[in-house]
Amino acid sequence: MSESLKEQRVNQPLLPTADQTVGPFFRVGLVYPGDRELVAPGTPGAIVLDGRVLDGESEPVPDAMIEIWQTDETGAIPRESGTRRRRPGSFSGFGRCETDPEGWYAFTTLEPAPVRAGAPAFFAVHVFARGLLAVLQTRIYLPDDEAALTADPLLASLPADRRATLVATRPGPGHVRHDIRLQGDGETVFLAFR
Amino acid sequence: MLAPCAEGGQREGMTTQAEISAEIAQLHGKPSTDPNWAPHRALTDYAPYRSSILRHPTKDLHLTDPETIELTSPAFGRRDVGEAESDLTTMSTGEPLGERMVVEGRLLDGEGRPVRGQLIEVWQANSAGRYRHKRDRHPAPLDPHFTGAGRTLTDDDGRYRFLTIKPGPYPWRNHVNAWRPAHIHFSVFGDAFTQRLVTQMYFPGDPLMPLDPIYQAIPDERARDGLIADYDHDLTSPEWALGYRWDIILTGSRKTWTEPEESDE
């Protein structure tokens, strides 16, 4: 780095490091036992959150990785370690799941509760894949509290068809489902943050 | 569309490096048309990287305010990552083959402040350019003494340090005679979930970088330079290992980093 660049940097924000794709072999470094089980299956209150990752031709993406980060069932933000090595009875709030050959991801977790009354509950979500050069950020909202969803600033700023790409469905008890479409019809809303 | 290359051979009609290089040259320095896509970031819509064609969003990112959960990050601790896991050379009963190297650096936010206690995960090919992965079909030897994965937590200065061996370049099937420059994959958490970063660290002087459509997908030259580690002789240990230094800079806001004086929209 030149001296002049160094001087500039004293007063200016540093240039952030650029993204690169996770590539096809991320399993080597990122997949670990229990990564998709934020709680053990059978834990009281446990739900399955699943769905497919689809490309621009609605074909499954079999080499994507989804990460979720969430509040617990009381709306608290988890501050406990134990994400890479789960601790029974503890909830760290973070999960990671590679997609299977048919593009499915599936987490076992607790339902997030809103951080404050009147706000909708959601999962913060990151999407990575071979062929995807940078992380994509999105949300998965629980579908239940229509008043809270209507009042949500993000959802309120979207037309109905786009809004629908952020709200999950409930195929049955204890089951939340949400597909993520990287491109094309029903393309998921991906976010930039102010 | 691109067909997979026949094992070890070339198929007629497949794209050549010259054609890919021409596409790279045509797109060089062109930023994203998405007003919410920060200019330092790799483009997701980057056809020279063929796998990206059906996997990039076509709509602009939607600008929104982060909620509380997005301004926090998972808490990682010593339970999650043992001290020994930053040494990729001692994961087995014997020593891996290759050029032993240290990579050290700091995890910083956009103001240069250390990001402490955060998780850094790395993975890489072995010295022959082969990953320990069932879908890696490169006919190069696996090394029984190298898994190619490591992790660590940053210290109070934001510092991390890995001991590993230098990864080899390897062929892939983006086009005929496509080779990835040598690199180490890095996965990094910041203090906010919005700072999450997955990237690759490259080595100075690698002749494959100008040819590589993954590396070249970053339109900004300074941002491309930012992925190249510095060789640091002071970090090199006599009769032991070469030293490379690489700092990782996160941002709390992908939108506003270039315009710090301006107020939000």
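Residues are numbered from 1 along each chain as its sequence is written, chains are lettered from A and ligands numbered from 1 in the order in which they are written. As the model is predicted, local features need pLDDT of at least 70 and side-chain atom pairs count only at pLDDT 80 or more, while totals for chains, interfaces and linings use all residues; side-chain values use heavy atoms, with hydrogens and water left out.

**Exercise 1. Describe the contact between chain B and chain A by residues and by buried area.**

Step 1. Take contact as heavy atoms within 4.5 Å. Chain B then contributes 89 residues and chain A 74 residues.

Step 2. Buried area is the accessible area (1.4 Å probe) that two parts lose on being put together, summed over both. For chain B and chain A this comes to about 7400 Å², and carbon and sulfur atoms give 58% of that area.

Step 3. On the chain B side, the residues that lose the most area to chain A are Arg55(B), His62(B) and Arg79(B), together 12% of what that side buries.

**Exercise 2. Find the polar links across the interface and the elements of chain B that touch chain A.**

Step 1. A salt bridge needs a side-chain nitrogen of Lys or Arg within 4 Å of a carboxyl oxygen of Asp or Glu. Between chain B and chain A there are ten salt bridges. One of them joins Arg41(B) to Asp19(A), at 2.8 Å from N to O.

Step 2. A polar contact is a pair of N or O atoms within 3.5 Å; within protein, one must be able to donate a hydrogen and the other to accept it, and residues adjacent in sequence count only if both atoms are side-chain atoms. This rule gives 43 residue pairs across the interface, both residues at pLDDT 80 or more.

Step 3. Helices (H or I, at least four residues) and strands (E, at least two) are DSSP runs, numbered from the N terminus. Elements of chain B that each supply at least two residues to the side touching chain A include β1 (62–64), β3 (119–124), β9 (197–202) and α2 (221–225). The largest share, five residues, comes from β9(B).

**Exercise 3. Give the strand order and the edges of the four-stranded open sheet in chain B.**

Step 1. The order is β4-β3-β8-β9 (chain B), with antiparallel pairing. The edges are β4 and β9 of chain B, each of which pairs on one side only.

Step 2. The twist averages 20° from one strand to the next, with axes as lines fitted to C-alpha atoms, for helices over the stretch in contact, and angles from 0 to 180 degrees between N-to-C directions.

Step 3. β8(B) and β9(B) are joined by six bridges; Thr199(B) in β9(B) is the bridge partner of Phe186(B).

**Exercise 4. Locate the parts of chain A that are tied together by the salt bridge of Asp63(A).**

Step 1. The partner is Arg130(A), with the closest N and O atoms 2.7 Å apart.

Step 2. Asp63(A) lies in the loop between β1 (46–54) and β2 (64–69) of chain A, and Arg130(A) in the loop between β5 (122–129) and β6 (136–141) of chain A, so the pair ties together parts 67 residues apart in sequence.

Step 3. An open sheet of four strands in chain A has the order β3-β2-β5-β6, with antiparallel pairing. Five bridges join β2(A) to β3(A), where Trp69(A) stands opposite Phe94(A).

Definitions and conventions. Pairing = 2+ DSSP bridges.
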